[in-house]
Amino acid sequence: MKNILITGANRGIGLGLTRYYLDAGHHVYATARDPGDAEFSSMTQDFGDRFVPLQLEVTSESSIAALIPALAGTELDLVINNAGILPNEPLGRWTSDAFKSAMEVNTIGPALLAQALIPLMSENSILANISSGLGSCGLNINPETGLDAYAASKAALNMVTRRLACKPETGQMIVVAFDPGWVKTRIGGEEAELTVNESVSDLVATIERLAPDQSGLFLSRKGEPIPW
Ligand code: NDP
């Protein structure tokens with residue numbers, strides 16, 4: 001049984017990952033901004049104390065700090081930085097707020113959470129940052145859309161991933177960034193190619209077979225390297 005922490009676990013890909021790992025018998029520390037939400041907290045009925053709902057607002061340093069006592073004595077095997085937002089503003093209507101909020105949620109939050117949790121992570125644990133193909137400078141997907149702040153924040157998350165993988169503090173850990181694919185969620189929309197379950201089953205299979213020499217890479221959900 002592994003100890004797994006997943007952010008943004010109350011819906012979308014985060015909820016899919018949470019349900020997958022609970023069904024597989026693991027212990028999931030599932031963070032949400034509102035862990036008291038009836039549907040989310042009712043998972044305790046199905047999974048008992050293997051489901052641990054925790055409050056986390058990733059933009060709040062005090063909220064991140066409050067996780068540490070809640071995790072006291074726990075050694076984490078897998079942390080998935082999944083929470084994210086998708087500001088959408090076309091050029092001409094760009095705002096500082098959209099760029100700042102994208103960076104706060106998609107880059108700074110995951111970076112500060114990683115910093116706080118690395119001391120609680122086991123020697124051979126995995127830190128997976130959920131990025132996006134839009135964060136690839138090489139692919140430069142859909143530059144005509146208004147997803148510029150989002151793309152910039154995910155490119156910055158990729159850089160955080162790459163740098164974390166090289167820190168002495170992460171030692172033998174594997175640190176990766178993933179593109180989960182285009183998934184039917186509030187962020188992906190109804191037109192997306194994949195169901196949550198399709199994305200999640202690829203992601204968990206790839207996480208399962210990650211090798212130490214893949215640390216520091218930006219990978220598709222199937223484990224293929226993506227250009228930076
Ligand atoms: P959803 O919108 O369904 O889920 C987003 C999750 O992030 C929710 O749980 C939400 O919580 C949480 N969240 C948002 N802001 C914060 C915050 N400030 N603090 C804590 N939690 C927060 O989208 P997805 O499941 O699709 O997204 C999951 C990840 O996958 C994101 O990082 C996204 O960028 C990435 N991704 C998704 C793609 C897709 O096609 N769906 C494609 C590429 C990447 P709340 O309910 O409280 O708002």
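**Exercise 1.** Find the distance from a ligand oxygen atom to a polar backbone atom of valine 183.

*Solution.* Start at the backbone. Valine 183 places a polar atom 2.7 Å from an oxygen atom of the ligand. Polar contacts are pairs of N or O atoms within 3.5 Å. Next, take the side chains. An N or O atom of the threonine 185 side chain is 2.5 Å from a ligand oxygen. Glutamate 57 brings a polar side-chain atom to 2.6 Å from a ligand nitrogen. Now the area: alone, the ligand exposes 890 Å², and the protein buries 93% of that. The method is Shrake-Rupley with a 1.4 Å probe.

The model is predicted; local features need pLDDT of at least 70, side-chain atom pairs count only at pLDDT 80 or more, and totals for chains, interfaces and linings use all residues. Residues are numbered from 1 along each chain as its sequence is written, and side-chain values use heavy atoms, without hydrogens and water.

**Exercise 2.** Classify proline 227 as buried, partly exposed or exposed.

*Solution.* Take the cut-offs: buried is under 20% relative accessible area, exposed over 50%, partly exposed in between (1.4 Å probe, protein chains only). Proline 227 has 42%, so this residue is partly exposed. Then list its contacts (heavy atoms within 4.5 Å). Leaving out residues up to four places away in sequence, proline 227 touches Ser136, Gly138, Leu139 and Phe218. Finally, compare sequence with space. Glycine 135 is 92 residues from proline 227, yet their C-alpha atoms are 9.7 Å apart.

**Exercise 3.** Which of buried or partly exposed applies to tyrosine 20, and which to tyrosine 21?

*Solution.* Tyrosine 20 has a relative accessible area of 37%, so it is partly exposed. Tyrosine 21, at 6%, is buried.

Notes: A polar contact is a pair of N or O atoms within 3.5 Å; within protein, one must be able to donate a hydrogen and the other to accept it, and residues adjacent in sequence count only if both atoms are side-chain atoms.
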